[in-house]
Amino acid sequence: TCAVQTGCFIGDEAGFPVTISASGSYRLSSNLVVPDENTHGISLDSTSDVTIDLSGFSISGPVNCSGSPTTCTPSAGTGSGIRSSPISTGVAVHGGTILGMGFRGVELGIQADVRNLRVRSNQEDGIFVGSGSTVSDSTARQNGRNGIFTGASSTVSDNTVLQNGLDGISANVSTVVVGNAAYLNGRNGIDT
């Protein structure tokens, strides 16, 4: 309710995206439904050292991806479920679902920590993180491009990636990829 009526805290105006402009811990208390494929759910701009606990709730948009090869409708958009600046450092997101976004499900900067998420039916990548990041215990399914994409020197462990349009996991140089299950992706299960 606060997202659309009053803003959720100091610095956040009513409407989407919910904007986080200070370091700290934040917790979702209900589902967020964005109005279209060009709207972010939560935006961190260049804020660092933020933890977002989805508390089992979801951030959802209108995109639907299906088929083999995977195609998404609508076929283009700019909105991500949770988005930070590429220079944001130390953002952690865990414990919920992000689906149906017009661009990426989760789009974070360097040294990000993503765990225990379910991302599906996002038009581009399900989870996209910068270098030195960790992605674990998550499921990325039926995203239009990669299930999980990481920058260099990251760790990707114990995830399930399936039916994504390109690679299940696309990992940059010096990334450790261990204990993942990848199947029925459009290109490679794991590409390092």
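**A buried charged network and its surroundings**

Glu107 and Arg104 form a salt bridge whose closest N and O atoms are 3.2 Å apart; the term here stands for a side-chain nitrogen of Lys or Arg within 4 Å of a carboxyl oxygen of Asp or Glu. Before going on, please keep in mind that this is a predicted model, in which local features need pLDDT of at least 70 and side-chain atom pairs count only at pLDDT 80 or more, while totals for chains, interfaces and linings use all residues. Residues are numbered from 1 along each chain as its sequence is written, and side-chain values use heavy atoms, with hydrogens and water left out.

Arg104 sits in the loop between E10 and E11 and Asp125 in the loop between E12 and E13, so their pairing ties together parts 21 residues apart in sequence. (Strands are DSSP runs of E with at least two residues, numbered from the N terminus.) Arg104, Glu107 and Asp125 are thus linked in a network of salt bridges.

How accessible is Asp125? Its relative accessibility is 2%, so Asp125 counts as buried, a label that means under 20% relative accessible area with a 1.4 Å probe and protein chains only. Arg104, at 13%, is buried, and so is Glu107, at 14%.

Glu107 also has a place in the sheet. Strand E11 (residues 106-107) runs parallel to strand E13 (residues 127-129), and two bridges join them; strands pair if DSSP finds at least two bridges between them. Phe128 in E13 is the bridge partner of Glu107. Both strands belong to an open sheet of eight strands with parallel pairing, in the order E1-E4-E9-E11-E13-E16-E19-E22. Strand E1 (18-19) and strand E22 (190-191) are at its edges with a single partner strand each, so one side of each lacks a neighbour in the sheet.

Glu107 is also among the residues that Ile82 touches, as are Val106 and Leu108; contact means heavy atoms within 4.5 Å. Ile82 and Leu108 are in turn among the members that touch the most others in the largest nonpolar core, which has 33 residues. Such a core is a set of buried Ala, Val, Leu, Ile, Met, Phe, Trp, Tyr and Cys residues joined through side-chain atoms within 4.5 Å.

Elsewhere, Arg187 and Asp167 meet in a salt bridge at 3.0 Å, N to O.

Terms used:
Helix = DSSP H or I, 4+ residues; strand = E, 2+ residues; numbered from the N terminus. Buried < 20%, exposed > 50% of the residue type's maximum accessible area, 1.4 Å probe, protein only. Lists of a residue's contacts leave out its neighbours within four places in sequence.
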